[in-house]
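The structure is shown first, and the description follows.

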Amino acid sequence: MLSRLCHVKGVSYDFVDPCQQLCGSYHRMFHYVKKRALFFVQDISTASALMDVSYKIYDQENQKIPIFVNTSAVPYSVRDKLEPEEMEQLKLTMNKRYDISQKALDLQMLRFDPDLVGLNIDIILNRRNCMAATLQIIEKNFPELLSLNLCNNKLYRLDGLSDLIQMAPTVKNLNLSRNELNSTWELRKMKGLKLEELWLDGNPLCSTFPDQSTYICAIRDCFPKLLRLDGQALPPPIIIHIDRPYLINSCKESHKTSETLKSLVMQFLQQYYLIYDSGDRQGLLGAYHDKACFSLTIPFNPEDPSPSSLCDYFKDNRNMKNLKDPYLRVQLLKHTKHDIVCSLCVLPKTQHDLSSFVVDMWFPTERMLFFFVNGVFKEVEGRSQGSVRAFSRTFIATPASSSSLCVVNDELFMRDATPKETQSSFSVHVPTTTSIFGSTFSQEQQKMVQAFSTQSGMNVQWSRK
């Protein structure tokens, strides 16, 4: 008997549900090969109906989805179904492993269960026919299942297990520890499952993250409602109700308040960029909160054949529109002041044109201030020495004292300056660190003045006096 193989090109795992709806009653044969979603149908009329909607349905990015239909042999997951007596024995084995009081099913090391081994029944859950049979029994016999333990089953792919989303949507606790999962790519196939607790320890993927916070963020990207991971409680998930927005009351801005805030912001920017351009950016540690965040974005397209002078910044580029890898997206967001300053220190040395700065602030509250600056700078060393860049930077800061700010969020966007921006930049002399401190000051004295200015909140001229 021939079946029809349908494949949907270029579909992301976030788009599973619409694709699975396409294959109707055959959704249990639904799986992915790279970026193509594949499933099988058994009659010509269904295949023809699918061909008719090719390029007529859209994904989450409003791109048309093509559907291709080819004749195919009957898939092995159907052809190699377990025999009725094997299904019956598997059901009896699973019944023994079910805790009715906890609504928990323990299937760890299922292949080596004595009841199965004694009858020469080989249940390998990496095989789609075995996983399909297991899930069919779960759907029929344990409809209120809350906890499923699949540890120690040598699982390296979760295509078959992804049907758990439809067949056991009540599962809140899933144990996948001590398997062979190498990437969160597999976990994304389970993304529709509303898990509250997940165990992954003992899988190779756990060692692919630089730190625990990155690991947690990547897993929570797949399961936003997760409360416990590998037995450890997680901070409650932040849920924003779009239909009932919560608004923070801004301060009533008077002329006096506006001038005070303006002075505070301008003083901060002067001190910040004085240190930034000094050659030693470690002095910026005092400008950031311990758990501040920073990201850098550039308009760089790696597929553009023409060379870009911004290539030094590409490895740190966090353009979410083009960055599809959730792990890399998390990794490129710097999470502590030490990580932020370390990332700033490796960027090319610069000289900013303070006279080019355009500054605005908005939405001041008693505890937070949002302000924005754009302008130009030039690189003063390296292979792009002399190149002029334009930048835009958004700071979110909290008051550290009556005369200083502490940055909690910093977003930097930069691009090549236009010819007009390049021509008009640095038309007014911007004093260097040496000229600000005066020629009679030694290098050590200059650093003392700079440190005093940062710590006291005074501007550089008064700190020098």
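## Salt bridges, surface patch and helix packing

In this predicted model, Glu421 is partly exposed, with a relative accessibility of 23%. Its salt-bridge partner is Arg415, which at 27% relative accessibility is also classed as partly exposed.

| Salt bridge | N to O distance |
|---|---|
| Lys96 and Asp115 | 2.8 Å |
| Glu379 and Arg389 | 2.9 Å |
| Arg415 and Glu421 | 3.0 Å |

Glu379 belongs to strand β15 (residues 369–379) and Arg389 to strand β16 (residues 388–401), so their pairing ties together parts that are 10 residues apart in sequence. Glu379 is buried at 1% relative accessibility, and Arg389 is buried at 0%.

Lys96 sits in helix α4 (residues 84–96) and Asp115 in helix α5, so this pair links parts that are 19 residues apart in sequence. Lys96 is exposed at 63% relative accessibility, whereas Asp115 is partly exposed at 27%.

Helix α5 (residues 114–117) also contains Val117. Together with Met109 and Phe112, Val117 makes a nonpolar surface patch of about 300 Å². The relative accessible area of Val117 is 49%, so this residue is partly exposed.

In helix α9 (residues 212–222), the buried residues are Thr214, Tyr215, Ile216, Ala218, Ile219, Arg220 and Cys222. The buried residues of α9 pack against α8 (184–187), β9 (197–199), β10 (228–229) and α11 (326–331).

Notes. Residues are numbered from 1 along each chain as its sequence is written. This is a predicted model: local features need pLDDT of at least 70, side-chain atom pairs count only at pLDDT 80 or more; totals for chains, interfaces and linings use all residues. Side-chain values use heavy atoms; hydrogens and water are left out. Buried means under 20% relative accessible area, exposed over 50%, partly exposed in between (1.4 Å probe, protein chains only). Helices (H or I, at least four residues) and strands (E, at least two) are DSSP runs, numbered from the N terminus. Contact means heavy atoms within 4.5 Å. Patches are made of residues with over 30% relative accessible area and no salt bridge: like charges are joined within 9 Å, nonpolar side chains (Val, Leu, Ile, Met, Phe, Trp, Tyr) within 5 Å. Accessible areas come from the Shrake-Rupley method with a 1.4 Å probe; for residues, only the protein chains shown count as cover. A salt bridge is a side-chain nitrogen of Lys or Arg within 4 Å of a carboxyl oxygen of Asp or Glu.
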